[in-house]
Amino acid sequence: MAGPRAKELHHVPLSVLLMLAGMWLFICMAALQYPEDLGNDPHLVEMGAGIIVFLTGLVRLSRPRGRETDLLVTVVGVGLILSGFFGDWGAEVIRWNQVASGCVLALLGLLGLMLAERSRDSGKPGEPGEPGEQDGSTGRTRSARRTARHTS
């Protein structure tokens with residue numbers, strides 16, 4: 001598959017994983033059977049993170065994404081890790097769920113940053129075969145040279 005959209009297709013699985021992680025943060029209280037005597041405080045932290053991560057994954061699917069979305073996911077992941085260690089939730093299952101979920105989110109965010117760097121490096125104008133490749137003789141880009149040739 002060739003074309004400008006083909007470079008972005010490798011970001012779709014990452015976006016889907018982000019959406020799944022966001023959904024996990026919504027259902028983890030019921031799935032892991034958090035103790036009922038703790039209230040909803042730990043789950044509110046996870047729900048807030050889940051909303052941010054799910055919407056970030058959704059945005060990444062619907063429009064071209066930028067570094068900001070990957071940085072946001074990384075920050076949310078680190079926040080969950082810190083919440084797991086410093087939040088006095090009283091149950092180990094909550095602590096380890098937040099730490100594990102935070103690690104997964106931080107890794108997904110860093111992976112997104114690495115993929116963005118890689119696609120940016122491979123798409124620099126001026127590289128052979130790219131639309132912005134410079135013509136050494138005239139200094140014009142290849143597409144500008146082609147346009148000038150067809151209009152004259």
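Predicted model: local features only at pLDDT ≥ 70, side-chain atom pairs only at ≥ 80, totals over all residues.
I started with asparagine 97, which sits in helix H4.

Is asparagine 97 buried or exposed? I find it buried, since its relative accessible area is 7% and the cut-off for buried is under 20%. Next I looked up what its side chain does, and I found a polar contact with the side chain of tryptophan 24, at 3.1 Å. I then listed the residues that asparagine 97 touches, leaving out those up to four places away in sequence: Trp24, Cys28, Leu32, Tyr34 and Glu46.

**Valine 93**

I stayed in H4, which spans residues 92-122, and went to valine 93. Valine 93 has a relative accessible area of 33%, so I wrote it down as partly exposed, the class between 20% and 50%. Which residues does valine 93 touch, not counting those up to four places away in sequence? My list reads Leu32, Tyr34 and Pro35.

**Threonine 74**

My next stop was helix H3, residues 67-86, where I picked threonine 74. Threonine 74 is buried, with a relative accessible area of 14%. Setting aside neighbours within four places in sequence, I see threonine 74 in contact with Leu105, Ala106, Gly109, Leu110 and Leu113.

**H1 against H2**

Finally I turned to a helix pair. How do helix H1 (residues 12-31) and helix H2 (residues 41-62) pack? I have an angle of about 160° and axes 8 Å apart. Angles over 145 degrees count as roughly antiparallel, so that is how I describe H1 and H2. I noted their crossing as left-handed.

For the contact itself, the H1 side includes Leu18, Gly22, Leu25 and Met29, and the H2 side includes Met47, Gly50, Phe54 and Leu61. Sorted by class, I get 17 nonpolar, five polar and two charged residues for the contact of H1 with H2.

Terms used. Residues numbered from 1 in each chain as written. Heavy atoms only, no water. Axes fitted to C-alpha atoms, helices over the stretch in contact; angles between N-to-C directions. Helix = DSSP H or I, 4+ residues; strand = E, 2+ residues; numbered from the N terminus. Parallel < 35°, antiparallel > 145°, perpendicular 65-115°, else oblique. Left-handed = near helix turned anticlockwise from the far one by under 90°. Contact = heavy atoms within 4.5 Å. Nonpolar A, V, L, I, M, F, W, Y, C, P; charged D, E, K, R; others polar. Buried < 20%, exposed > 50% of the residue type's maximum accessible area, 1.4 Å probe, protein only. Polar contact = N/O pair within 3.5 Å; in protein donor to acceptor, adjacent residues only side chain to side chain.
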